[in-house]
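User: Hello! I am new to this structure and would like to go through it with you, one question at a time. Could you show it to me before we start?

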Amino acid sequence: MTEKILIVDASKASLVMTSEILKDSNADYFIATAPTGQKALEKLVTIQPDLCIIDFDLPDVDGSTLVSVIRETWEGPILMTAFANSYIDQAVREEVFCYNDASDWVAKPVDFNELVSKVECYMINKSRLVRRFDSDLNTLLVGKASGRGKRAPKTKGHITNLSLGGVKLELENLHWIKQGTELVVNLPELIEPLLGKPCDCRAEQKYRASVAWLKKDDMTAGLKFEKLTQIQQKGLFRWLKACDS
């Protein structure tokens, strides 16, 4: 199966060198390139890559900002390259700290053995895209009503692990929950600190999710968030940033 990699770098020499190294490491890789952040966004739509390698220093945008923009529409792994300095360290800590891939960036000049190893980590071993943070949050899960006049099923849950992608939680009741079940996770504790007051906007408290996995022996489940609003994204980001500090 051909796997597609998008390399974003303003240096033509770096584009050529990185492309050749990756092709030599795996003949099944299809390599696309882009010299700017804008071109990268265009390529992202047309080729739908399996992995992006993004240089931090682009002519129209910095790498961490581009990562944040890409994350709004695309879930694949992103690996950043950059010349090491304090500014890069600060940008990574503040803007992409919650992603394993972008945080685990490769320093320039690139050690191509290291680069190939990290690419294989995401392409072959399918490493996580987001860091997960221990949490202690209570929530109410609400499912879909089974018919007209029927009440939507509900159960209380305790979130023990949280990321931008979803949650791990312990549940009081698993009878109506199965893998793939769509439900709403109520998380006012993430929204209220963002607004600086109790949240009256109930819609923003409701994070839509689906059940990714289920373990009935210990009453735990993993949920994947569906599309989030900007306020929900900011609430999650601020909460995770507080955990990381």
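User: Which strand does Asn186 lie in?
Analyst: This is a predicted model, in which local features need pLDDT of at least 70, side-chain atom pairs count only at pLDDT 80 or more, and totals for chains, interfaces and linings use all residues. Residues are numbered from 1 along each chain as its sequence is written, and side-chain values use heavy atoms, with hydrogens and water left out. Helices (H or I, at least four residues) and strands (E, at least two) are DSSP runs, numbered from the N terminus. By that numbering, the strand of Asn186 covers residues 182-186 and is β9.

User: Is Asn186 buried or exposed?
Analyst: The cut-offs are these: buried means under 20% relative accessible area, exposed over 50%, and partly exposed in between (1.4 Å probe, protein chains only). Asn186 has a relative accessible area of 13%, so this residue is buried.

User: Which residues does Asn186 touch, not counting residues up to four places away in sequence?
Analyst: Touching here is a contact, that is, heavy atoms within 4.5 Å. With residues up to four places away in sequence not counted, Asn186 touches Asn138, Thr139, Leu140, Val142, Gln205 and Lys206.

User: Where is Trp105, and is Trp105 buried or exposed?
Analyst: Trp105 sits in the loop between α5 (100-103) and β5 (106-108). Leaving out residues up to four places away in sequence, Trp105 touches Leu79, Met80, Ala82, Ala84, Ile88, Asp89 and Val92. The relative accessible area of Trp105 is 17%, so Trp105 is buried.

User: What kind of peptide bond joins Lys108 and Pro109?
Analyst: Pro109 is in the loop between β5 and α6. For the bond from Lys108 to Pro109, omega is about -5 degrees, and the peptide bond is cis.

User: What is phi of Gln48, and what is phi of Met219?
Analyst: Gln48 is in the loop between α2 (37-47) and β3, and Met219 is in the loop between β10 and β11. Gln48 is partly exposed at 45% relative accessible area, and Met219 is partly exposed at 28%. Each has a positive phi in a residue other than glycine: for Gln48 phi is near 45 degrees, and for Met219 phi is near 55 degrees.

User: How many disulfides does a search of the whole structure find?
Analyst: A disulfide is a pair of cysteine sulfur atoms within 2.5 Å. For Cys52, the nearest cysteine sulfur is that of Cys121, 16 Å away. For Cys243, the nearest is that of Cys98, 11 Å away. The search of the whole structure gives a total of zero.

User: Which residues touch the most other members of the largest nonpolar core?
Analyst: In soluble globular proteins, nonpolar side chains tend to be buried together. A nonpolar core is a set of buried Ala, Val, Leu, Ile, Met, Phe, Trp, Tyr and Cys residues joined through side-chain atoms within 4.5 Å. The largest one has 54 residues, and those that touch the most other members are Leu6, Leu162, Val185, Tyr207, Leu223 and Phe225.

User: How many residues are in the second, separate core?
Analyst: Its members include Ile53, Leu115, Tyr122 and Met123. The count for this second core is 15 residues.

User: What is the volume of the largest pocket?
Analyst: On a 1 Å grid over the protein atoms alone, a cavity is a set of points where a 1.4 Å probe fits but cannot get out, and a pocket is an open set with protein on both sides within 12 Å along at least five of seven lines; lining residues have an atom within 4 Å of a point. Grid points are joined across faces, edges and corners, and a volume is the space filled by probe spheres set on the points. The largest pocket is lined by 43 residues, with Arg71, Tyr99, Val130, Leu164 and Gly165 nearest its centre. Its volume is about 1400 Å³.

User: Which element gives the largest share of the lining of the second largest pocket?
Analyst: This pocket holds about 170 Å³ of space. Its lining has 16 residues, and Asp9, Ser14, Thr18, Lys108 and Val110 lie nearest the centre. The largest share is four residues, from α1.

User: How many helices and strands does the protein have?
Analyst: Of its 245 residues, 44% count as buried. The secondary structure comes to nine helices and eleven strands.
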